[in-house]
Amino acid sequence: MSGIDRALAKNPFEVDPTQCYLAAASLKAFSPGNERYPWSHASKPTQIAFKLFFVSICHQINWDFLQRRMFEALFAEDHESMILMASAAKPATISSMLTGYHRPERIRPAERAKYLRETAKSILLDFHRDPTELVSTHRVFGEGGLLELLKKIPAFAEDPLSKKANAFAQELARERIVDFEDADLIPPAIDYHLIRLYLRTGRVFSKDKHISSSLRTGTTHRMRLTKLLREGVSEALSLTASYAGMPVHELNYLEWQIARSRCEKDSTNCDGDWPADLLDGSVTVLSSGCPLRGSCTAYAMPEWRTMVEPELKKAFY
Ligand code: SF4
């Protein structure tokens, strides 16, 4: 049995509450901007359908690139037309929509076309052609709540930690498409950007040398390690949000932007300016450099900047 397997017999990850508290202190002044998007004017069923299709295939690809291309290729003012287009999606539809992506091996056209077709079929059959049936209770949790209903759609049901389902709920709340009564309870949506950020900032760590070493080299692909690590990050994010007095979905969005624009896998920009092409500029008011510098372990100890997320080619990661 290898050292990693021995470590994984138990949960090798721990959450550091002090690091969460310090990170929260740096982030609590954030106030989300009132962003408008090219689809914000559309009817509620149209916005829900567009977001549902988008999130159903949002894995392993740049979020802004995918959303922009999907808006150009799939969006229609009439939600029924959009559902019919998605129900007929073929691999060639996806290849054409995402042509020019800098990592063509990640386009995976057959897989994404299948998810679009399955999602459209579910709206047609399970929700009687009406995407607003998903949010008719205006609740995320409980019987008939959004998270329960999303289990009927394969793209949203596969992940044990419900990343896409949580991300979809967060998007509806954040863009004010749906006013959920329990929006404050929407769970974190943990992806590889957040895993990297939480490891580097020392909020989630492992004392086991085999685990730490595998995260420094990005050489592990084990499902159990990834699942336990994601659970740790989810717990740490919820704790940070609670210390910051901020809803989880707001902090999730803020830190995801910090991770993907400053704390990238192969490079970090701790002290420089924000990139010009930020999805939402409201994050820049926190500080000119990375807002987490004051408490970040990897800022104080640059060797921690080599810490990276595990590689996993799954549609929920
Ligand atoms: S200070 Fe640097 S290493 Fe730390 S989270 Fe920010 S960008 Fe990443």
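A residue is taken as near a molecule or strand if its C-beta atom, placed from the backbone, lies within 6 Å of it. The structure is a predicted model, in which local features need pLDDT of at least 70 and side-chain atom pairs count only at pLDDT 80 or more, while totals for chains, interfaces and linings use all residues. Residues are numbered from 1 along each chain as its sequence is written.

The ligand is surrounded by 15 residues. Cys263, Cys270, Cys290, Cys296 and Ala298 are the closest. Helices are DSSP runs (H or I, at least four residues), numbered from the N terminus. By class, the shell holds eight nonpolar, three polar and four charged residues. Here Ala, Val, Leu, Ile, Met, Phe, Trp, Tyr, Cys and Pro count as nonpolar, Asp, Glu, Lys and Arg as charged, and the others, Gly among them, as polar.

Cys270 sits in the loop between α14 (248-262) and α15. Cys270 counts as partly exposed because it has 16 C-beta neighbours inside 10 Å. The classes rest on the number of other C-beta atoms within 10 Å of a residue's own, with all C-beta atoms placed from the backbone: buried at 20 or more, exposed at 12 or fewer, partly exposed in between. Cys270 and Cys290 are 20 residues apart in sequence, yet their C-alpha atoms are 5.1 Å apart in space. Beyond its neighbours within four places in sequence, Cys270 is in contact (C-beta atoms, placed from the backbone, within 7 Å) with Gly289, Cys290, Arg293 and Tyr299.

Helices α3 (residues 44-56) and α10 (residues 163-174) have axes that come within 10 Å and cross at roughly 145°. Axes are lines fitted to C-alpha atoms, for helices over the stretch in contact, and angles run from 0 to 180 degrees between N-to-C directions. From α3, the contact is made by Ile48, Lys51, Leu52, Val55 and Ser56. From α10, Lys164, Ala167, Phe168, Glu171 and Leu172 take part. The residues of this contact divide into six nonpolar, one polar and three charged.

Most residues other than glycine have a negative phi. Phi of Gln60 is near 55°, a positive value. Gln60 lies in the loop between α3 and α4 (63-74). Gln60 is buried, because 21 other C-beta atoms lie within 10 Å. Phi of Arg176 is also positive, near 55°. Arg176 is found in the loop between α10 and α11. With 12 C-beta neighbours inside 10 Å, Arg176 counts as exposed.

Note on methods. Helices (H or I, at least four residues) and strands (E, at least two) are DSSP runs, numbered from the N terminus. Two residues are in contact if their C-beta atoms, placed from the backbone, lie within 7 Å.
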